[in-house]
Amino acid sequence: MKEPLNRMPKRNVHEDDPLDDFTRRSITLDDITKGVYVAGTGPAVIVMAEMPGISPQVARFSRWVRDAGFTVYMPSLFGRDGAVPQAEEGAAVLKRACVSAEFRAFAANASSPVTRWLRSLAKLAHEECGGPGVGAIGMCFTGNFALTMMLEPSMLAPVLCQPSLPLDDPGGLEIAPDELATVRNRLQRDDLTVIGYRFEGDRFCTAQRFAAYAEALGDRFVARVLPASAANREPPPFFERVVASPHSVVTAHLIDEAGQPTLMARDEILSFFAKRLAG
């Protein structure tokens, strides 16, 4: 990708990440306060962590986004910030999120309430950073959120990485039908696209789900399916024991070596943000 990516110091993703190169802000929107880690300059990109939270691998991806010329907003939505995803702790975080009023883990055709706060965050980020608009990437539990955030006019570049909700319906979409119709119309009107990523053989983000996105959005949905063999074979314990399949394209299952399909996916995402958000 761009030269700035090479300047990022290597951090050990097998140790808890202090996130000390981010500024942690308490941001209140719609009478709800959440911690948000912010770093960088340039147009805003919102990075929403996968289950079970802001892991060292999620932070690494955010640094790649920052060093590619963007201001990263990384909200803390669940879990212990910076923690290596351990199996038992991660499973407990997943259970709590599944019953939280903020999420719709088991409801197809319904949007998680937290997406309203995230749309407000996109609006704020655009006001603070300027530029044509905002990008966003959701992963796993938050995978579909970037699509719902397209209801906010400043959102221009949505990326869906292994969208896994609803957990009980492999072909379901975690978005209300009226909101989906509004987003589809906007994509067509403004000539925008949505990029989705998944691995073959993913237990939580299935081929049926991508087929449902394609049916709902037509050629506005660009699907990228990576072979299972491209996944990191030694992910953190939560992904090895709880997820138990190739899953996290740009984080836990990414292989940080030149020529790897997962690294190429990262570069494509950064180029997508650059194309949509360049002033």
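A: Happy to. Keep in mind that this is a predicted model. Let's begin with Glu268: its relative accessibility is 26%, so Glu268 counts as partly exposed, since the buried class is kept for values under 20% and the exposed class for values over 50%.

What does Glu268 pair with? Glu268 makes a salt bridge with Arg224, and their closest N and O atoms are 2.8 Å apart. This pair joins distant parts of the chain, with Glu268 in helix α8 and Arg224 in strand β8 (residues 221-226), 44 residues apart. Arg224 has a relative accessible area of 31%, so it is partly exposed as well.

With 37% relative accessibility, Ser271 is classed as partly exposed. For a sense of scale, the C-alpha atom of Ser271 is separated by 27 Å from that of Gln208, a residue 63 places away along the chain.

The largest nonpolar core has 92 residues, and Phe273 is one of the three that touch the most other members, together with Ile137 and Phe141. Setting aside residues up to four places away in sequence, Phe273 touches Val45, Phe70, Gly135, Ala136, Ile137, Ala157, Val159 and Ala278.

The whole structure has 18 salt bridges. Among them is the one between Arg66 and Asp67, with the closest N and O atoms 2.9 Å apart. Arg66 and Asp67 are both buried. These two residues also take part in a network of salt bridges that links them with Arg11, Asp17, Asp20, Asp21 and Arg63.

Another spot worth a look is Ser55, in the loop between β3 (44-47) and α1 (56-67). Ser55 has 3% relative accessibility and so counts as buried. Beyond its neighbours within four places in sequence, Ser55 is in contact with Ala83 and Pro85.

The structure holds one cavity of 30 Å³ or more, and the largest cavity contains about 90 Å³ of space. It is lined by 13 residues, and the closest to its centre are Pro52, Arg80, Ala83, Val84 and Pro85. The lining is made up of six nonpolar, five polar and two charged residues.

Of its 14 lining residues, Val13, His14, Arg60, Asn232 and Leu254 are the closest to the centre. Its lining divides into six nonpolar, five polar and three charged residues.

Definitions and conventions: Residues numbered from 1 in each chain as written. Predicted model: local features only at pLDDT ≥ 70, side-chain atom pairs only at ≥ 80, totals over all residues. Heavy atoms only, no water. 1 Å grid on protein atoms, 1.4 Å probe; cavity = no way out; pocket = protein on both sides within 12 Å on 5 of 7 lines; lining within 4 Å. Points joined across faces, edges and corners; volume = space filled by probe spheres on them. Nonpolar A, V, L, I, M, F, W, Y, C, P; charged D, E, K, R; others polar. Buried < 20%, exposed > 50% of the residue type's maximum accessible area, 1.4 Å probe, protein only. Core = buried A, V, L, I, M, F, W, Y, C linked by side-chain atoms within 4.5 Å. Contact = heavy atoms within 4.5 Å. Helix = DSSP H or I, 4+ residues; strand = E, 2+ residues; numbered from the N terminus. Salt bridge = Lys/Arg side-chain N within 4 Å of Asp/Glu carboxyl O.
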